[in-house]
Amino acid sequence: MLSPLFKTDFPQLCLTRQIDGLLLVFHRPSGTTHFLERPAPEMLELISGRPMTAEALTDALCERFGFGADAEARTVIAVRLAELVAVGLVRRC
Amino acid sequence: MKHALPLAHALADPISALSLGPGQWTELLAIARAERLDGSLAYRLADLPIPGPAAQALDGARAQAEFDRTRLLWEVEMARRALNAVDIAPILLKGSAFAFAGLPAAVGRSAGDLDILIAHDRLDAAEAALLDAGFEWATSDSYDQSYYRRWMHELPPLIHKDRGTMIDVHHSIVPLTARRTPDAGALIAASIDIAPGLAILSPADMIVHAACHLLADGDLSGGLRNLWDIDRLLRLFAAAPNFWRTLSERAALHHMREPVARALRLAERLFATPVELRLAGHDRMVDSLYSRRLLARDGWGRPTRPLSRLAFYARSHWIRMPPTMLARHLWTKARRKRMSLSRY
Amino acid sequence: MYRFEVRIGHAGFRVGSPWRRPIDTLRRLYAGYPTPEEGIATLTARIAPPKPWRRWLRPQAAIAGDHCLPDMVPMALRHALLALEMAMNMQVALGERRYLLIHAAAVERGGKALILPGESGSGKSTLAALLGEAGWRVLADEFVLIDLATLCVLPFPRPISLKNDAIAEMQACVADESRFGPVLTGTPKGALRHLRPQADAIARMNESAMPALILFPAFGFPSDSAGVSRSELFARLTEGSTNYIALGQRAFEAMLRIVDTIPAARFAYPDSAAGLAIVEQFCIEIGL
């Protein structure tokens, strides 16, 4: 079975503002205001470029931040991704 | 004001509101809010020269309706994502259908829960997908759970653990145990795809469902709003050729001739809705009882006519369940209520 | 139904009660307040017995009105004044959709507003009452209303709810006994007494003021203060708002402008004198 792909419309349909190292997001379709901290904004940025699997996203992120893409990194990314899917900023397909 | 007729008048004939006195405006707002028709009223009166304070209050109702609409459409989207993942394309019912399809009935409507219809054989898959998407059962009580599953026309209500919103998953539009049961398969077969992964009922079926919901499925509380939905839907759909004939056929197919006829008569009586007379039939004496029940709200927004409320409540359950089952159900409910009260 | 109509700020209320005394008491408390604009009250608040026999037998007052929360516990009739106040509050807290509503007190001096956000127990109401006797105009003690376009604070100068020790404190510095409501003992929050703002605050209830400073008070700690970052300010103000979410995008944009333009800090204080001194210090620093 293929790994699921994750995609996002971000930053379309959103108002955003950087404040104190956080990204404030007003998501118009849901009317929800989110406070996003690292690595969520970076995850959204990468996925908005093109849909990715969780593995590909983890690799790209770790490369960006200069970490090794180890099991811990995969777990953290998986949890953050689930959160972003739960609030509707990311879709799973 | 002793009843909600001024609200019905203001909705049906907005110009009539211009003759309201100051105290009457206060009462109209109280009644409209109690009936959850303040948003609809706001849009109906939008371009009229009404007094400043009233206009401001109705602006607030419009702002609330817009927020409700955003939230409802978002619930539709999140339900779609969850259900499409297991190849279910839900049929939107009531407010969510009106909002998504941009029907006039949606204008100013304050949100209820999300109601969807799916095929009976996909219920388990739908349940699993929604639980997976963060929904939880509103009741863990095993009696309620079994009651809903066995005898009602829906899954027990689900509430989202983060958003706190409720979704009602129906597989028919009237409980299985009711004396008359609409043809769920026919509803689904005639449904209209409105977007990838989403459908709505056909126009005639939408009226049948609304009539059902108003008359065969409840004790008429909140009914004025449902009747207003019917008025708005009929005015739009009646413009289509052969609509009345189709409505007549669908009402017969679903064994809902009488509720549909009654709904048409009540809409005509309260909102002057143009209806086809043969389908609506002659006025019945009991229509007055329904009409009074729908308007049972005083100028403070309080429900009035307690005896008629009781009659309709008992009647609505009689429609849904055979008498022996009804007795057992009410007994269990009463026992549980006494137990929960004794905890305080 | 006994009724009373009154205007507070921009809100016109119709208040109802099947018992006469609470309405009479309310009328006395609101002496000097105007009637609703154009005679049209647009918010209905009332109390009612939760069951018919509760009108006479161990009578209880349940809160009701146009906007309501389900499952509110009714109060004993002797606390009916409190129930009426809560019913009126509920209409604003649940129904306000024009102005952004923040749980805060606010006072005005020289045309500029000082906002004191906080929940119950933070001391904001008492501070506002004290400042109101020390040259400031009370704009609000519970609900601060902010215009989404201009960010101006619209006054909502209802009678201030004083609790427990604050009652004696204010009785000591307000000579005019008629400004006080009756003492209510044994309420869920202890002893309670209402204080009507000064006549000036009532007369100028339609005069808004631009906010110049936001201070978060915390009563009952040694004196201390610290700045509040913009993100923290955004979070705390929205958490303390009953209608931020319902107002949507315009509220998000207004809140960004608030955190960008209005300085904010938090402070702790052990007693009123210390609290007032800290407030004055902040005000001097920013020229308020």
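Visitor: Where in chain A is P39(A) found?
Guide: Bear in mind that we're looking at a predicted model. As for its place, P39(A) is found in the loop between β4 (32-36) and α1 (40-49) of chain A.

Visitor: Let's move to the contact of chain B with chain C. What area is buried there?
Guide: The size of an interface is often given as the accessible area lost when the parts come together. Here the contact takes 20 residues from chain B and 21 residues from chain C. Carbon and sulfur atoms give 59% of the buried area, and that area is about 1,800 Å².

Visitor: Which residues form the salt bridge between chain B and chain C?
Guide: The count between these two chains is one salt bridge. A pair qualifies if a side-chain nitrogen of Lys or Arg is within 4 Å of a carboxyl oxygen of Asp or Glu. The closest N and O atoms of this pair are 2.5 Å apart, and the residues are R33(B) and D66(C).

Visitor: Which element gives the largest share of the side of chain B that touches chain C?
Guide: Two helices of chain B, α2 (22-34) and α4 (52-84), each supply at least two residues of that side. By class, the side has 11 nonpolar, six polar and three charged residues. The largest share is nine residues, and it comes from α4(B).

Visitor: Staying with chain C, what kind of aromatic pair do Y30(C) and Y33(C) form?
Guide: A pair of aromatic rings is described by the distance of the centres and the angle of the planes. For Y30(C) and Y33(C), both of them buried, the centres are 4.8 Å apart and the planes make an angle of 65°. Planes over 60 degrees apart count as edge-to-face, so this pair is edge-to-face.

Visitor: Is D87(B) buried or exposed?
Guide: D87(B) has a positive phi of about 60° although it isn't a glycine. You'll find D87(B) in the loop between α4 and β1 (91-93) of chain B. The cut-off for exposed is over 50%; with a relative accessible area of 71%, D87(B) is therefore exposed.

Visitor: What is the relative accessible area of K94(B)?
Guide: K94(B) also has a positive phi without being a glycine, near 50°. K94(B) lies in helix α5 (residues 94-101) of chain B. K94(B) counts as partly exposed, with a relative accessible area of 21%.

Visitor: Which residues does R305(B) contact, leaving aside neighbours within four places in sequence?
Guide: R305(B) lies in the loop between α14 (286-294) and α15 (306-320) of chain B. At 39% relative accessibility, R305(B) is partly exposed. With those sequence neighbours left aside, the contacts of R305(B) are R292(B) and A296(B).

Key:
Residues are numbered from 1 along each chain as its sequence is written. Chains are lettered from A and ligands numbered from 1 in the order in which they are written. This is a predicted model: local features need pLDDT of at least 70, side-chain atom pairs count only at pLDDT 80 or more; totals for chains, interfaces and linings use all residues. Side-chain values use heavy atoms; hydrogens and water are left out. Contact means heavy atoms within 4.5 Å. Buried area is the accessible area (1.4 Å probe) that two parts lose on being put together, summed over both. Helices (H or I, at least four residues) and strands (E, at least two) are DSSP runs, numbered from the N terminus. Ala, Val, Leu, Ile, Met, Phe, Trp, Tyr, Cys and Pro count as nonpolar, Asp, Glu, Lys and Arg as charged, and the others, Gly among them, as polar. Rings of Phe, Tyr and Trp (its six-membered ring) pair if their centres lie within 6.5 Å; planes under 30 degrees apart count as stacked, over 60 as edge-to-face and the rest as tilted. Buried means under 20% relative accessible area, exposed over 50%, partly exposed in between (1.4 Å probe, protein chains only).
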